[in-house]
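Work through the exercises below with the structure open. Each task is followed by a solution in steps.

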Amino acid sequence: MKASASSSALEQRISAFLDGEANEHERQEIEALLVNEPQARALHDNLKRGTDYGRRVFDDAMKEPLPLELVRTIKNAPLPRRAIRLPDDKKRQSLSFKPSRTQALVACILSLCLGGGIGYALGTQPGSTRLGGSEVQLDSRDWLDDVVAHYRLYTRLPDRLVEIGADRPGDILAWLTTGTGIAFRIPDLSQSGLTFAGARLFTADNRPSGLLLYRRGDEGEIIAITFSKTRPDTNKPVEDIRADTGLVSWSTPLATYVVVGPSSAADLDEIAAKAAGLI
Amino acid sequence: MNNPTQTMDIRRDLVALLPRLRRFALTLAGTAEDADRLVREVCSRAIQKSHHWKGEGRIESWLFSLMRTAWSDEIKKRRKTQPSSTPKAQGVVSSAEISTMATSDQILLSLPSGLASVFLLVDVEAFAYGEAAAILGIPEQAFAERLCSARLRLSEIAPEASERRA
């Protein structure tokens, strides 16, 4: 996708000025140039003429009739199916909890002791209760925001994408297991067209988090799996989009995992479902 | 999340946006046949993933991103299955050739590869540089350079087109 018609720096500045994309200082400079420099005025008019002509051509393109079959296909498109089940759901459904009388009695006694203990602890430190509650509410949001920030940063640095490459899986396992306190495997996601590129360690909401990075195809759409001991508010799987980045998360008793990718990646939930079974 | 009303809504949105989706697809794919196939594929994905759309910002931004990704996937597939054949790429066409072109589609496709999409997003769809660059998955600086090149190219061919019309 290389442009063949090359443009000078001045042309680019004027072009940005036309769109209101120049900052205040730049805008003043260009305005002065347009007043004082005939050449700059000519460039401005040239760019303006191109813009006006292009708009007319694109407007004409809109007038062409749509294929009726295309409209029908969309109107009759099948409904979404939501059959993918992340581990949290599966676990909840497969658990059958039928305690015996003895178990129920033991559970009652334990609950009583635990409740009493917690009540005593909170009673001795009344000020900390409210703070603790608000922190829990902020935790999951901040953690996911940090995940998105790191994902966006490293995907824009293709030469510095990973700290340890895919050729040293042993080192990655030892390093991230020690760093995060979570035992894991590197999922093979080649069936989803993903090639493992390597890993990183970063902090999200002040907790160490592991980041496994995958490339899709040769040009490299980046999909990442991150894991941390962070506990979100809810154990339910979360699907979200933040800053053009898609997130699918799930939790186990030991860790919380998130698959991260461009918001346009249509199969993040499928990747998450596969990764959940392999990691 | 999965309710039929929401699905119907996005279908209606998609049909309403169809001419614009098709126009963007044409700038990516280069032929009407490929563009229609691309639009069909993207609309299908959008309906399946409609729960991702939270109603914030412009839905076109999300749909155009889906379309750019789908087209990149398609190019990769084609490279794998037919390494020698590449999708029809727009080459540089002389101003004299432009004057013989009958439709606006042909004029658009005469632009060097990648320029038509860039121009469309800013000058027609009114996206800011940052958002438009994100849709195309390219750095903002490269985007601004291409936009300038697109305008210069269109300016070059504009007089000839005017004469043809007159």
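A salt bridge is a side-chain nitrogen of Lys or Arg within 4 Å of a carboxyl oxygen of Asp or Glu. The model is predicted.

**Exercise 1. Salt bridges in chain A**

Task: Apply the cut-off to A:Arg27 and A:Glu24, then state where the two residues lie.

Solution. 
- Step 1. The N to O distance between the side chains of A:Arg27 and A:Glu24 is 2.6 Å, and the pair is a salt bridge.
- Step 2. Helix H2 of chain A holds both residues, three residues apart, which is about one turn of the helix.

Task: Which parts of chain A does the salt bridge between A:Arg13 and A:Glu26 link?

Solution. 
- Step 1. The side chains of A:Arg13 and A:Glu26 form a salt bridge at 2.7 Å, N to O.
- Step 2. A:Arg13 sits in helix H1 (residues 9-18) and A:Glu26 in helix H2 (residues 24-36), 13 residues apart, so distant parts of the chain are linked.
- Step 3. A:Arg13 has a relative accessible area of 26% and is partly exposed, whereas A:Glu26, at 18%, counts as buried.

Task: Are A:Glu221 and A:Arg216 buried or exposed?

Solution. 
- Step 1. Their side chains meet in a salt bridge of 2.9 Å, N to O.
- Step 2. A:Glu221 and A:Arg216 are both buried.

**Exercise 2. The surroundings of B:Asp34**

Task: Locate B:Asp34 and list its side-chain polar contacts.

Solution. 
- Step 1. B:Asp34 lies in helix H2 of chain B.
- Step 2. Buried means under 20% relative accessible area. B:Asp34 has 10% and therefore counts as buried.
- Step 3. Its side chain makes a polar contact of 2.9 Å with that of B:Arg37 and another of 3.0 Å with that of B:Arg78.
- Step 4. Leaving out residues up to four places away in sequence, B:Asp34 touches B:Ala29, B:Trp71 and B:Arg78.

**Exercise 3. The fold of chain B**

Task: How many helices and strands does chain B have?

Solution. 
- Step 1. Chain B has eight helices and zero strands.
- Step 2. Of its 166 residues, 56% are buried.
- Step 3. Take the contacts in chain B between residues at least 6 apart in sequence: 64% of them join residues at least 24 apart.

**Exercise 4. The interface of chains A and B**

Task: Describe the contact between the chains, then name the helix that gives the most residues to the chain B side.

Solution. 
- Step 1. In this interface, 64 residues of chain B contact 57 residues of chain A.
- Step 2. The size of an interface is often given as the accessible area lost when the parts come together. Here about 5600 Å² is buried between the chains, 59% of it on carbon and sulfur atoms.
- Step 3. Four salt bridges are counted between chain B and chain A. A:Arg55 forms a salt bridge with B:Asp123, with the closest N and O atoms 3.6 Å apart.
- Step 4. H8(B) gives the most to the side of chain B that touches chain A, with 15 residues.
- Step 5. The residues on that side divide into 30 nonpolar, 16 polar and 18 charged.

Methods: Residues are numbered from 1 along each chain as its sequence is written. Chains are lettered from A and ligands numbered from 1 in the order in which they are written. This is a predicted model: local features need pLDDT of at least 70, side-chain atom pairs count only at pLDDT 80 or more; totals for chains, interfaces and linings use all residues. Side-chain values use heavy atoms; hydrogens and water are left out. Contact means heavy atoms within 4.5 Å. Buried area is the accessible area (1.4 Å probe) that two parts lose on being put together, summed over both. Helices (H or I, at least four residues) and strands (E, at least two) are DSSP runs, numbered from the N terminus. Ala, Val, Leu, Ile, Met, Phe, Trp, Tyr, Cys and Pro count as nonpolar, Asp, Glu, Lys and Arg as charged, and the others, Gly among them, as polar. Buried means under 20% relative accessible area, exposed over 50%, partly exposed in between (1.4 Å probe, protein chains only). A polar contact is a pair of N or O atoms within 3.5 Å; within protein, one must be able to donate a hydrogen and the other to accept it, and residues adjacent in sequence count only if both atoms are side-chain atoms.
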